[in-house]
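The sequence and structure are shown first.

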Amino acid sequence: MARVCVVGLGYVGLPIAAVLSSAGHSVIGVDTNPRVLEALARGCTIIREPGLDTLVAQGVASGRLVACARPQPAEAFILAVPTPVRGLANKRADLRFVAAAAESVAPVLKRGNLVILESTSPPGTTAEVVGPILERGSGLQAGQGFLLAHCPERILPGNVLHELVHNDRVIGGVDRASAETARDLYASFVQGEVFLTDATTAELVKLMENTYRDVNIALANEFALVARHLGVNAWEAIELANRHPRVQILRPGPGVGGHCIAVDPWFVVGAAPRFTPLITASRAVNDAMPLHVADLVADVLGGLAGRRIVTLGMTYKANVDDTRESPAAEVVEHLQHAGAEVRLHDAMVAADLSVEELAVGADCLVLLVDHQAYADLDPSMLAPLVRRLEVVDTRNFLSVERWTEAGFRLTRLGDGRRRAAIPGVGAPA
Ligand SMILES: NC(=O)c1ccc[n+]([C@@H]2O[C@H](COP(=O)([O-])OP(=O)(O)OC[C@H]3O[C@@H](n4cnc5c(N)ncnc54)[C@H](O)[C@@H]3O)[C@@H](O)[C@H]2O)c1
């Protein structure tokens with residue numbers, strides 16, 4: 001078993017640290033945020049992820065998972081720090097956290113140690129950014145003095161502990177020995193298949209995965225706009241198109257958020273701007289969706305000024321508590337900018353008031369995130385409370401039958417049909 005230092009204990013780093021400790025490794029968890037370190041020292045987490053609390057508590061109780069403000073000598077170092085984008089129109093990778101993490105590891109790096117970059121990064125970051133920083137700080141050479149690899153993360157928030165173990169992994173080394181040594185470390189807890197390649201290919205593979213999803217969602221969003229224009233229900237049309245054995249169109253929605261799918265395509269664009277018009281256009285389509293949703297609500301209400309609107313969901317996707325880069329926040333901004341009074345609710349984030357309390361006197365409820373809890377909303381309880389019986393569903397999530405039976409007029413993003421959907425036909429209501 002190895003001594004492993006995990007630098008960055010967020011949504012990616014902390015689960016890895018916990019899983020490594022449960023696989024028997026001795027893990028030093030490093031973070032620059034004192035709140036994260038204090039929580040870890042007590043065996044707790046500040047992240048909501050099923051099963052993580054228990055695993056972290058077990059790791060800390062066993063003595064195999066400890067919190068530290070700075071990297072300590074170890075056989076392996078895993079960097080799992082943020083890689084956001086900077087800029088407004090054409091966004092660029094901000095590698096300051098990666099650089100700082102590498103700087104902090106360099107002084108304790110010894111001959112034969114392994115460094116793995118887990119952060120999603122622009123092509124070339126491992127070999128051309130992390131490698132040189134470590135070389136300068138340690139006096140050792142990447143691939144000769146120390147081993148260096150990229151192992152991108154594919155976890156799905158909400159199902160992290162299962163996916164960390166069961167997903168297939170791609171590991172790219174700056175040389176063969178680096179890739180193989182990294183594979184040996186991951187083999188101690190990964191049950192999926194592990195594929196070896198070079199570091200830059202591994203970086204591009206991860207970016208391709210998220211870019212594929214972003215472009216596919218942009219296509220679904222464009223279809224949603226087209227369908228509404230044509231008086232067609234996009235949800236039904238997409239479901240029927242997906243019955244083709246080689247077609248898999250994703251779901252439209254109020255935009256793409258989070259720190260991965262909305263961010264990573266920019267790393268590809270930044271690396272090859274001349275060759276990425278499709279990726280750039282897809283980003284623009286998805287970025288325009290929050291404004292489209294605000295326009296849709298304005299259509300439904302005949303204007304937004306002075307309207308009282310309750311938004312359901314503030315996170316970047318369903319059933320997680322992460323509100324970073326959420327398109328829901330942009331929808332709210334557009335509504336407020338147009339003069340609406342917006343009351344926010346999120347079933348996954350601690351709230352002072354219930355939906356029922358917020359709905360009193362509302363002109364419209366707008367579902368922005370399909371948290372499972374919203375399936376249990378009782379429209380017949382809400383109907384007597386609101387001022388107008390309007391509901392806008394951007395995720396095709398609410399039951400048309402239940403809401404229309406309670407008297408609401410339900411408008412769906414991407415549904416251009418004037419009459420209510422035929423129950424049992426098309427996408428599930
Ligand atoms: N969250 C996901 O679902 C997911 C999935 C796949 C890939 N990724 C990628 O993994 C990387 C990490 O993402 P995340 O969601 O865990 O981020 P996060 O913001 O949740 O966590 C990052 C942690 O790193 C810490 N940190 C920042 N700079 C540091 C430094 N110099 N030294 C030590 N700690 C430092 C922060 O305080 C924070 O706790 C990103 O590149 C992201 O794109 C994330």
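**Note on the predicted model**

1. Helix H8 covers residues 199–230, and at 1.5 Å a residue its 32 residues should span 46 Å; the end C-alpha atoms are 47 Å apart, which agrees. The expected span is 1.5 Å times one less than the number of residues. Helices are DSSP runs (H or I, at least four residues), numbered from the N terminus. Just after H8, Gly-231 adopts a positive phi of about 75°.

2. On the basis of the coordinates: this is a predicted model, in which local features need pLDDT of at least 70 and side-chain atom pairs count only at pLDDT 80 or more, while totals for chains, interfaces and linings use all residues. Residues are numbered from 1 along each chain as its sequence is written.

3. The protein chain is assigned domain 1 (3–192) and domain 2 (214–412), with bounds taken from an automatic or database domain assignment. Their C-alpha centres lie 34 Å apart. In domain 1, 12 residues are in contact with 12 residues of domain 2, contact meaning that C-beta atoms, placed from the backbone, lie within 7 Å. The side of domain 1 that touches domain 2 has seven nonpolar, two polar and three charged residues. Here Ala, Val, Leu, Ile, Met, Phe, Trp, Tyr, Cys and Pro count as nonpolar, Asp, Glu, Lys and Arg as charged, and the others, Gly among them, as polar.

4. Axes are lines fitted to C-alpha atoms, for helices over the stretch in contact, and angles run from 0 to 180 degrees between N-to-C directions. The crossing of H4 and H5 is right-handed; a crossing is right-handed if the near helix is turned clockwise from the far one by less than a right angle, and left-handed if anticlockwise. Among the residues making the contact are Val-98 and Ala-102 of H4 and Val-129 and Ile-133 of H5.

5. Helices H10 (residues 264–271) and H11 (residues 277–287) pack at about 145°, their axes 9 Å apart. Their crossing is left-handed.

Technical notes. Helices (H or I, at least four residues) and strands (E, at least two) are DSSP runs, numbered from the N terminus. Two residues are in contact if their C-beta atoms, placed from the backbone, lie within 7 Å.
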